[in-house]
Amino acid sequence: MTALSLESFAAGRWVRPGPDARSIASAVTGEDIARAGSALDYQAMLDHARDVGGQALRALTFHDRARMLKALAGYLGERKQTLYDLSLHAGCTKADSWIDIDGGIGTVFVFASKGRREMPDSHVYVDGDVELLSRNGTFLGQHVATPLQGAAIHINAFNFPVWGMLEKLAPTLLAGVPAIVKPATSTSYVAEACFRMIVESGILPDGAVQFIAGGTGDLLDRLTPQDVVSFTGSAATALMLRSNPHILRHSVRFIAEQDSLNASILGPDAAPGTPEFDLFVKEAVREMTAKAGQKCTAIRRIIAPKAFESDVIDAIRAKLAKTVIGDPALENVRMGPLASMAQVRDVLEKVAVIATEAECVHGDPASFAVEGADAETGAFLPPMLFRCADPVGASAIHGTEAFGPVSTVMGYDTLDEAVSLANRGGGSLVMSLITHDPEVARSAVLGAGAWHGRIYVNNRDSMGESTGHGSPLPHMTHGGPGRAGGGEEMGGVRGVMHYMQRIAIQGGPDMLTAITGMYVPGSKTVETGVHPFRRTFEELDIGETLRTQSREITLEDIEHFANFTGDTFYAHMDEEAAKANPFFPGRVAHGYLLLSFAAGLFVDPAPGPVLANVGLEGLSFQKPVSPGDAIRVALTVKRKTKRTDTYGEVRWHVVLTNQDDETVATYELHTMNAYRDVT
Ligand code: NAP
């Protein structure tokens, strides 16, 4: 094929490779397939991001941005075959590309959905509950977050050119921050094709995304405290970049996802013949061969009870022997080449280090079969399995990441020893534990939790639906302490927060209501004279309140409710027993009776804009209600969120008080309310 000229996208225009552009070779054939690299005006790129992209993104609400992401994911999904075709050159089998391409698009979909379900349809994100900072509630606290006003610089690793780009772009754009993407050069032809689709979709505002094919020049020296660097790659590059004095001096946020000596532990209960043993072997082999082991989450250390160690080795070897290596375009090939010859050299160097402490029990890089391609010109390696006889005394096997199809088996005597071996990785992205014994799981998590960003526990009960040791999921955090970089990505809204500033707002209730767009108890309320259930979604105002009549609760009510529902708990039925209870003065009304009477007090029965009561949250009963007490209700519009084309969700702050104006219960009621033109 003719070599592709990979273009950067800087300040709104495409820039062709310059005279010093680097050639990129196909992993399968070794022929040059692309050229990348050009001098760019990095300051103009940053200005464009901050002044054009950032302004445009911040003008949108979280829901606007979430809808944009959904449209983008759909657009990419319709064009993904082009990316699958290009990924063959990077050595990816169809299964490998699925993780990268469909995994990346799926991640964007998840952020789109979380953005609409878990974030407000406004510009300020409310983080947690109101904090009462004063006796009378006139001075309160509320954490909120607003988007950073700079740019996000995404520096990505070579192994997942699509997923690696999209898993960072989705939370960044949802936060309202523009991004400058710099993929690893060796697979940048796949990233560039995907990025080009993003621009051509026209879905994102100008300046929201830019792309660097090649190096970053002095970009990092131009960052401000409003910018973020989100880096994925090796520990060595991370250390070099994060210790840039300019970045340190200006406290520029630096998120690092770097290498990791991930471990998988076979529980002491999981003897050969159990479903757990087979599962452990299957996951270990999959992690060695998927993406030719070039996954940051791949299992590098296979930790098994000494009694089962030789069975584990035999079972893994048997499966590896059946793994067909070759041209990833062939249907029967299970493992393609590594991404580049440079990667092969790097892995072989690391293998030599591992070999000083462990013997190779499978895979010889000097002699292995390759199907449909030339082993000399392509970046091929066989899966290589090592066994370390003394993992406690060893050190290199716990600190050397061969970023390829390489893993080391090590035996343990006790579970504590297994955990301590797993922790010797110095901080990892993921540890897996294959056990059917809940006590083993509890004890291992207590011992290992502090050293691993994710712990994947699997067994016969969950394996049918489990997602795999090596799959970071957009719902869950991805990252790890120490060696793994100390960073965190994804994890739903948690991942969006990396691109926002959390602010502790202190002030009076009216101020907090205005800032958050959400009714804060104690702030001004309005009564329109019209029952709020008669008002459409648009007509309802934040703070609009209905105050009901009061209703006395009689002993007959309590007994009727008890007999009707079957809830004859002694606190409602037995005066002596109720009195003996430290919470009650005598027989009291059921909490659910109060809720039912509350609904009876505030509901307006005729058909109208309120379509359904879909739940309540945060219910708390604060004072018992005795026969003869009277309750009334205040129902206040707390927050409104558009949900579909025809209705939106209204959250109501509900307070039940007694005849002395004491609060007896509070909760948040959720209803679905029709829009004006559909009522
Ligand atoms: P790398 O060599 O460290 O490169 C990572 C990125 O940094 C590439 O985009 C690279 O660009 C860029 N880079 C290198 N020097 C730079 C500089 N001076 N200024 C700006 N950018 C620079 O890592 P890799 O070989 O691509 O990836 C393999 C490593 O990544 C493995 O160690 C793996 O464990 C780790 N990884 C971690 C995760 C995770 O989520 N934790 C995921 C995937 C991979 P060029 O390609 O242009 O040099």
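Why does I99 count as partly exposed? I looked up the accessibility of I99 and found a relative value of 27%. Buried requires under 20% and exposed requires over 50%, so I99, at 27%, counts as partly exposed. I note at the outset that the model is predicted.

**Entry: I99 and its surroundings**

I located I99 in helix α4, which covers residues 94–118. Leaving out residues up to four places away in sequence, I listed the residues that I99 touches as G104, F160 and W163. I also looked up the separation of I99 from M288, a residue 189 positions away along the chain. The C-alpha atoms of I99 and M288 are 15 Å apart.

**Entry: the chain as a whole**

I then turned to the overall chain, which has 679 residues, 55% of them counted as buried. I recorded 20 helices and 28 strands. Along the principal axes, the C-alpha atoms fill a box of roughly 90 × 60 × 45 Å. For the accessible surface I noted about 27,700 Å², with 53% belonging to carbon and sulfur atoms. Among contacts with a separation of 6 or more, I found that 74% join residues 24 or more positions apart.

**Entry: the ligand**

Which residues come nearest to the ligand? Of the 25 residues around the ligand, I noted N156, T185, S234, T237 and E401 as the nearest. I next looked up individual atom pairs. A side-chain N or O atom of T185 is 2.5 Å from an oxygen atom of the ligand. For S234 the corresponding distance, again from a side-chain N or O atom to a ligand oxygen, is 2.6 Å. A polar side-chain atom of K182 lies 2.9 Å from an oxygen atom of the ligand. On its own the ligand has 910 Å² of accessible area, and the protein covers 81% of this. I found that β11 (228–232) and α7 (235–242) are the elements giving two or more residues to the shell around the ligand. Helix α7 gives the most, with three residues.

**Entry: D327**

Finally I examined D327, which is placed in the loop between α10 (309–321) and α11 (341–354). Is D327 buried or exposed? I found D327 to be buried, yet without a salt bridge. The nearest side chain of opposite charge belongs to R334, 12 Å away. The side chain of D327 does reach the backbone nitrogen of A329, at 2.9 Å. Setting aside residues up to four places away in sequence, I recorded that D327 touches V28, V333, E371, G372, A373 and F380.

Key:
Residues numbered from 1 in each chain as written. Predicted model: local features only at pLDDT ≥ 70, side-chain atom pairs only at ≥ 80, totals over all residues. Heavy atoms only, no water. Helix = DSSP H or I, 4+ residues; strand = E, 2+ residues; numbered from the N terminus. Buried < 20%, exposed > 50% of the residue type's maximum accessible area, 1.4 Å probe, protein only. Lys, Arg positive; Asp, Glu negative; His and termini not counted. Salt bridge = Lys/Arg side-chain N within 4 Å of Asp/Glu carboxyl O. Polar contact = N/O pair within 3.5 Å; in protein donor to acceptor, adjacent residues only side chain to side chain. Contact = heavy atoms within 4.5 Å. Near = heavy atom within 4 Å. Areas by Shrake-Rupley, 256 points an atom, 1.4 Å probe, with all protein chains shown as cover.
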